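Please keep the sequence and the 3D view open while working through the points.

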Protein chains: 2
Amino acid sequence: MKQYMQQIGKQARQAAQILARTQTSIKNKALEAIAQQIEQQNAPLLAANAKDLEAGKAKGLEAALLDRLALNESRIENMIEGLRQMIALPDPVGEISELSYRPSGIQVGKMRVPLGVVGIIYESRPNVTADAAGLCLKSGNATILRGGSEAIHSNQAIAECISAGLKAARLPSTAVQVIETTDRAVVGQLITMPEYVDVIIPRGGKGLIERISQEARVPVIKHLDGICHTYIDDKADLEKAIAVAYNAKTQRYGTCNTMETLLVAKEIAAQVLPKLAEKYETAGVELRGCPASQALLSNIQAASDEDWDTEYLAPILSIRIVQDLDEAIKHIGLHSSQHSDAIITEDWSRARRFLTEVDSSSVMVNASTRFADGFEYGLGAEIGISTDKFHARGPVGLDGLTSQKFIVLGDGHIRG
Amino acid sequence: MKQYMQQIGKQARQAAQILARTQTSIKNKALEAIAQQIEQQNAPLLAANAKDLEAGKAKGLEAALLDRLALNESRIENMIEGLRQMIALPDPVGEISELSYRPSGIQVGKMRVPLGVVGIIYESRPNVTADAAGLCLKSGNATILRGGSEAIHSNQAIAECISAGLKAARLPSTAVQVIETTDRAVVGQLITMPEYVDVIIPRGGKGLIERISQEARVPVIKHLDGICHTYIDDKADLEKAIAVAYNAKTQRYGTCNTMETLLVAKEIAAQVLPKLAEKYETAGVELRGCPASQALLSNIQAASDEDWDTEYLAPILSIRIVQDLDEAIKHIGLHSSQHSDAIITEDWSRARRFLTEVDSSSVMVNASTRFADGFEYGLGAEIGISTDKFHARGPVGLDGLTSQKFIVLGDGHIRG
């Protein structure tokens with residue numbers, strides 16, 4: 001196993017050197033060829049996926065997992081569409097910035113370069129195979145992909161499309177390697193080879209991500225909880241507050257940028273909460289609140305201490321009435337997962353304070369937390385969302401898969 | 001020990017929250033107050049240092065180590081000067097960039113924020129205590145400093161100055177904590193508290209840095225070797241080539257950006273090498289070369305395989321004659337420590353290729369590798385040089401001690 005993974009690592013490292021200097025047009029050609037392969041291999045892909053689904057059902061996998069595992073025409077179409085959108089994105093590699101003259105006469109600037117080899121560890125969704133491979137390829141990185149054992153046939157089928165696409169663009173097939181074995185020891189090996197792997201991106205449940213972060217000997221770009229807050233300030237515009245707080249909770253329940261806790265300033269609570277509660281009730285959202293909010297509303301249970309630290313990913317919302325902005329910021333500091341938090345206010349100084357003092361990967365004023373997303377931010381696509389501060393924070397797009405080296409241009413300059 | 005360090009960590013985390021929102025003027029006030037304290041405490045500082053030196057001599061520390069440990073008027077002056085230069089640097093915290101409208105109508109941008117708590121582990125140089133504390137303070141980070149046991153009295157004396165300076169600016173004294181015990185277990189604890197420490201910066205010998213990287217459970221900004229190359233292309237301007245290659249080796253021997261290997265294109269070797277060798281000989285530089293360079297020069301020994309992978313930090317230079325740019329890039333790819341590598345050429349396309357294809361933290365054209373330095377690059381000061389790719393690469397200044405969060409500005413925007 002160790003030998004097998006080291007071989008994979010060595011091959012990835014070699015491919016990375018080639019990818020780092022591959023022209024944009026060639027990378028785009030490969031992306032288009034992969035998209036075409038997936039288009040053409042529609043039937044074999046669905047057949048491979050049917051095998052996985054059958055095995056999954058036989059194993060008794062739960063319905064939600066089987067749903068994530070399933071491919072259909074529209075999901076395959078999305079993979080293809082995703083790859084074509086990557087072609088349209090500007091190539092980050094080689095971008096030179098901040099180039100300026102120094103007093104010594106040299107010019108100093110930064111050039112964007114690929115990280116090298118990216119290891120992706122994910123669970124059941126087979127579309128990650130194409131999405132992640134495409135983003136890494138566009139940013140000039142070699143990829144080692146390790147999907148869930150339950151998706152092995154689907155992933156292999158997608159891997160064949162990728163391999164054929166790389167071949168069509170005359171890129172090494174080792175530029176994207178999909179691990180063929182379901183042996184669990186693979187993961188342990190992949191995350192402890194700093195000589196061959198530059199970064200690990202785990203995508204999946206919290207358990208997987210925590211385990212990998214614990215054991216990795218390689219940097220990890222990770223995303224844990226999404227416990228997002230919206231604070232309705234007493235200087236908020238009522239209509240906007242209701243629209244945004246409603247959208248942040250109900251636009252989708254299962255996403256990490258969905259609001260899980262609503263904070264409301266005491267002074268405005270009686271005006272805003274009853275109206276909002278009515279809307280939530282109609283949408284079928286269960287409310288859990290502090291005593292003060294219980295006093296205002298009828299359709300609300302008592303929130304437990306745990307509720308303030310829970311990512312529901314469900315039509316449940318905890319509500320807390322706070323004294324003022326200070327108490328809101330304090331609550332967020334204690335309970336936010338530092339993913340995305342918003343304030344609704346028309347007060348300039350409070351908005352300014354909230355933006356500065358809330359230490360989350362996305363901080364918003366008068367906007368729904370549901371906007372925290374690579375597409376909405378204009379990154380084009382995201383390989384994940386980072387709740388860390390190191391290297392990349394928030395939605396991670398192509399730039400997060402690159403680094404910057406310094407370039408120095410002179411004309412025979414020596415140091416005095 | 002564990003409890004002691006966790007207490008330190010907790011205090012640092014609390015101080016970091018205050019520092020993150022501290023105005024530039026207050027941070028600058030603290031820096032100036034620390035500088036003034038060091039100025040006033042000149043005599044006690046020298047006395048504390050004398051104690052360390054005495055103990056060091058009694059322990060039989062080698063001369064180089066004692067030299068690094070020693071403080072004198074001019075070194076204290078440098079510490080003070082360094083702190084005052086930090087006052088003049090722009091505050092990176094809160095800087096907003098890339099703010100633009102998205103199709104949805106929201107504005108999305110990035111705001112620079114401190115990393116949080118920075119742990120610095122260093123060896124004998126006491127000036128690191130003031131330098132590192134100052135840079136972390138200016139960038140809004142809390143600092144935990146762990147110096148070498150041989151410098152304990154000097155570090156404590158500097159710590160008192162820092163503490164008094166923080167107090168004068170009404171900042172918490174826990175914003176900079178200097179570990180008071182020389183117990184070695186401290187380091188193991190400091191690098192495994194991700195809940196309290198956001199990044200570790202080790203400064204010192206390769207052994208220290210490797211050990212810390214191995215064992216850390218926290219991101220490490222590290223610098224290992226500086227095996228730097230200069231490649232003299234056959235399209236080089238002879239005069240520039242000689243000036244730059246001479247400067248890169250001889251301007252200072254013990255620094256990480258000093259050239260250790262000179263590569264020369266076959267076609268130009270006979271023109272350039274004899275002249276250079278003469279200059280090196282005059283300067284007392286020992287030459288070790290490949291057979292082809294030995295055939296050209298008299299004052300040169302045979303280089304062993306090891307020489308190509310050695311950071312001499314001494315008046316020794318290895319020389320290799322290569323066929324062309326391809327062979328030079330290949331040699332650099334195999335033997336460079338990815339610190340700083342330079343090409344000397346007047347050929348546009350070759351310079352362009354070298355800049356793109358050499359994967360080092362600084363890549364240079366027609367300039368001495370000795371320029372790879374935070375001051376020369378205009379970063380103002382550096383907390384270290386990173387030979388990693390993740391997060392920070394090359395000289396690390398204030399920006400490297402920060403991260404960027406996304407900010408989203410709307411006017412009641414909801415996601416459709």
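1. Conventions. This is a predicted model, in which local features need pLDDT of at least 70 and side-chain atom pairs count only at pLDDT 80 or more, while totals for chains, interfaces and linings use all residues. Residues are numbered from 1 along each chain as its sequence is written, chains are lettered from A and ligands numbered from 1 in the order in which they are written, and side-chain values use heavy atoms, with hydrogens and water left out.

2. Domains. Chain A is divided into domain 1 (2–221 + 394–409) and domain 2 (228–371), with bounds that come from an automatic or database domain assignment. The C-alpha centres of these two domains of chain A lie 36 Å apart.

3. The four-stranded sheet of chain A. Helices (H or I, at least four residues) and strands (E, at least two) are DSSP runs, numbered from the N terminus, and two strands pair if DSSP finds at least two bridges between them. An open sheet of four strands in chain A has the order S5-S4-S3-S6, with parallel pairing. Its edge strands are S5 (176–178) and S6 (199–203) of chain A, each of which pairs on one side only. Direction ignored, neighbouring strands are turned by 15° against each other on average; axes are lines fitted to C-alpha atoms, for helices over the stretch in contact, and angles run from 0 to 180 degrees between N-to-C directions.

4. Inside that sheet. Strand S3 (residues 117–122) of chain A pairs with S6(A) in the parallel sense over five bridges, and five bridges also join S3(A) to S4(A), again parallel. Which residues stand opposite Ile120(A)? In S6(A) the residue is Ile201(A), and in S4(A) it is Leu145(A).

5. Burial of S4(A). Buried means under 20% relative accessible area, exposed over 50%, and partly exposed in between (1.4 Å probe, protein chains only). Five of the five residues of S4(A) are buried, so this strand is largely enclosed by the rest of the structure. On one side these are Ala142(A), Ile144(A) and Arg146(A), and on the other Thr143(A) and Leu145(A). In a regular strand the side chains alternate between the two faces of the sheet.

6. Helices across the sheet. Helix H1 (residues 2–20) of chain A lies across S3, S4 (142–146) and S5 of chain A, at about 145° to S4(A). Helix H9 (residues 206–215) of chain A lies across S3 and S6 of chain A, at about 160° to S6(A).

7. Helix H9 in chain B. Here Leu208(B), Ile209(B), Ile212(B) and Ser213(B) are buried. They cover an arc of only 125° around the axis, which puts them on the same side of H9(B); the arc is that of the directions from the helix axis to the C-beta atoms. The buried residues of H9(B) pack against S3 (117–122), helix H8 (185–190) and S6 (199–203) of chain B.

8. An open sheet of ten strands, with mixed pairing, has the order S1(A)-S2(A)-S16(A)-S13(B)-S12(B)-S7(B)-S8(B)-S11(B)-S9(B)-S10(B). S1 (96–101) of chain A and S10 (301–302) of chain B stand at its edges, each with a single partner strand, so one side of each is left without a neighbour in the sheet.

9. Phe406(A). This residue lies in strand S16 (residues 402–413) of chain A and, at 5% relative accessibility, counts as buried. Residues up to four places away in sequence aside, Phe406(A) touches residues of both chains, including Lys110(A), Tyr377(B) and Arg393(B). The C-alpha atoms of Phe406(A) and Lys110(A) are 4.5 Å apart, although 296 residues separate them along the chain.

10. Ala381(B). Ala381(B) is found in the loop between S13 and S14 (384–386) of chain B and counts as buried at 10% relative accessibility. Apart from neighbours within four places in sequence, Ala381(B) is in contact with Leu135(B), Phe375(B), Val396(B) and Gly397(B).

Notes: Contact means heavy atoms within 4.5 Å.
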